[in-house]
Amino acid sequence: MLRLSRCYPRMIIVAASFSATFPLLNAATSASQSLTLQDLSAATAAPSSTTIYVAREILTMDPAKPRAKALAVRDGRFISVGTRAEVEAVAGAGAKVDTTFADKVVMAGFVEQHVHPVLAALTMNTKVISIEDWDAIDGFSAAVRNEKGYIERLKKALADHKDKTTPFVTWGYHHYFHGELSRNRLNQLAPDLPVIVWHRSAHEFFLNDAALRLTGIDEALVKGFSKSAQEQLSLPKGHFYEQGALAILGKLAPHLASASQFRRGLEFSEAYYHQNGITLACEPGGFLSKPMQDAINVVYSDDATPFNHCFIGDDKSFYAIKPNDAASLLSETRKVESWGKGRTWYIPNQVKLFTDGAIYSQLMQMKGGYTDGHHGAWIIDPPAFDFMFQTYWDAGYQIHVHNNGDGGMDVLLGGLEKAMARKPRTGHRTALVHFGFAKPDQVARWVTLGGIVSANPYYVTALAGRYAELGIGPERSQNMVPMGDVVKHGGSLSFHSDMPMAPAKPLQLVWAAINRFTAEGPVAGPRHKVSLDVALKAITIDAAYSIQMEQRVGSIEVGKDANLTVLEQSPYEVAPEKVKDIQVWGTMLEGRVQPAPAAPKAAEGAEGRAAIESTADDTEVTQGAVEKLAALMNHGHGERAAGR
């Protein structure tokens, strides 16, 4: 079972007298550690069984030995990698040879650096009608990127919703593609059925009259909200966004998913990650709710889970407890580090911070403003951000920072430059997360300062074509997610999906990065394409590096966890535009071979939903815990776009 200590490599040294019996046991060890009695006991114990796996090709992500034909696994770790003859010589005569992968292509296990399990569980439980294809709980949902198509799909879904006693909830609507919605328009579409439309950004809701009555959201309730929350909602339009959406979340939460549906959503995400080859997932910037974490642990923590999942604390939640108090900030941050269990854990001494708003809502801070005159927003105001950044820096934390706009990038660079001038640190790995827009000189400064980048290349696919016409303009849209500048300056680059901001499909991220196709077809910013070598590292070893796990996972090397992703084809033998279509056969997790499950197929309508609920234990998720989703939804908090 995975424990908190497994966030870092367990370095062991075996005495020279045992080297013949365990020839490669300590290939990844630290020479500074001395032999312990525990090590001695392990070394003198009866030898464990060893299995040799042969494959058509092995892509190791180890620059010293990038290709291999065989590997050997003992006690959940790689003990040899190379030709079959080399591996057999190390493994010994008693090793078993397994040919399961003989006609497969084996890679280092995929590392998904940034996902949101709760949001994924909830959104995939709804009727998904979105700007891209999704494999949702109730089946495949094809992309729709125009108003006419969206309204047609919405009308059909409303007609198919047979159980009129339960509200209709849909996720994926995006105003830049699907046109304007309002309370009145939803009333016309569904005069009697409560309808909740959840925006693609996950930061906005639209409700009709029936839904407002069901949830008890009325003028009297709204008058009790803060001034800023009242400014970010329109009761006449049934529209609630950013702080306005957070203010009503407690009223909506019971209707987004039941406890059993929520668990089913987590189980769905478990299968989804496995189907797409993920062996380690991470959520940087999770919510502050012990009951909610316990609910996640129920699904993800048992040993049968096909991946490991780590978490990183969210600065906003800790700061809100006692603002501008450094001791409290650090104390509250450390409290969550014991919340994991089994295959889930919190990474100590890492934290997630936020600067500007979300890219899907066009609330990132852009130095040149927006073509339609609206304004970006700060999730955390710059003075508070600087206080938190400097506090965590002085405490030796690795800091991950959500940032999307080049205006936000100025604030982030200012914080890092100030910290380096005050108290220089080497190897700090401050991570710029998402990386929507940045000027070339900003990227150069970031890399020079020792910063690393975790990018979402899917932004280009989903948004660059449309944003060239709305808000951003063609020139800046060409430079969305400027990965080419990171590579040019020798920076560390990893990828993430931020699911549900993109599907958690690492090969799709690779495809997006090496092609930079937009959903409309044309390539956006060809100079920012990266090579296949760089892209594959970005979902394996460089993703592991971004969360300080590279000595344990991310490449197939002696001493590392035996984690693999098994493919039907090599990314190097298919055309670049076909990489996302490569089938994932399954994975290996710490030596356990795990064929991927078939994509789940759920029935439509009320009967199908009942069947879904019946497959999950009715694990209680308290109302108070669900309300903590407000912290997670604050992922893109800020001012609403003008005129909306």
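**Figure 1. A cluster of aromatic rings in the predicted model.** In this predicted model, pairs between rings join Tyr53, Phe101 and Trp585 into a cluster. A search through the whole structure finds 18 aromatic pairs. One of these is formed by Phe268 and Tyr272, and it is shown in the next view.

Figure 2. Phe268 and Tyr272 form an aromatic pair classed as tilted, with 5.8 Å from centre to centre and 40 degrees between the planes. Both residues belong to helix 11, which covers residues 259-275, and they are four residues apart, or about one turn of the helix. Phe268 and Tyr272 are both buried.

**Figure 3. Charged side chains over aromatic rings.** The charged end of Arg200 is placed over the ring of Tyr360, at 4.4 Å from the centre of that ring. In a second example, Lys580 lies over the face of Trp511, and here the distance to the ring centre is 5.3 Å.

**Figure 4. The largest nonpolar core and the surroundings of Met480.** The largest nonpolar core comprises 151 residues, and those with the most contacts inside it are Tyr273, Phe389, Tyr392, Met480 and Phe495. When residues up to four places away in sequence are not counted, Met480 touches Ile359, Gly436, Phe437, Tyr459, Val460, Leu463, Ala464, Tyr467 and Arg516. Apart from this core lies another one, made up of 16 residues, among them Tyr150, Ile151, Leu154 and Leu186.

**Figure 5. Strand 16 and its two parallel partners.** Strand 16, which spans residues 308-314, is mostly covered, with seven of its seven residues buried. Strand 15 (residues 278-284) pairs with strand 16 in the parallel sense over five bridges, and within this pairing Ala281 stands opposite His309 of strand 16. Strand 17 (residues 344-354) also runs parallel to strand 16 and is joined to it by five bridges, with His309 standing opposite Thr344 of strand 17.

**Figure 6. Two stretches to be read with care.** The protein chain has a mean pLDDT of 87, and 85% of its residues reach 70 or more. Over residues 1-46, however, pLDDT stays under 50, and the model has 71 contacts beyond four places in sequence for this stretch. Over residues 601-644 pLDDT likewise stays under 50, and for these residues the model has 121 contacts beyond four places in sequence. Where pLDDT is low, predicted coordinates should not be read in detail.

Note on methods. Residues are numbered from 1 along each chain as its sequence is written. This is a predicted model: local features need pLDDT of at least 70, side-chain atom pairs count only at pLDDT 80 or more; totals for chains, interfaces and linings use all residues. Side-chain values use heavy atoms; hydrogens and water are left out. A nonpolar core is a set of buried Ala, Val, Leu, Ile, Met, Phe, Trp, Tyr and Cys residues joined through side-chain atoms within 4.5 Å. Buried means under 20% relative accessible area, exposed over 50%, partly exposed in between (1.4 Å probe, protein chains only). Contact means heavy atoms within 4.5 Å. Rings of Phe, Tyr and Trp (its six-membered ring) pair if their centres lie within 6.5 Å; planes under 30 degrees apart count as stacked, over 60 as edge-to-face and the rest as tilted. A charge sits over a ring if NZ of Lys or CZ of Arg is within 6 Å of the ring centre and within 35 degrees of the ring normal. pLDDT is the predictor's confidence in each residue, from 0 to 100. Two strands pair if DSSP finds at least two bridges between them.
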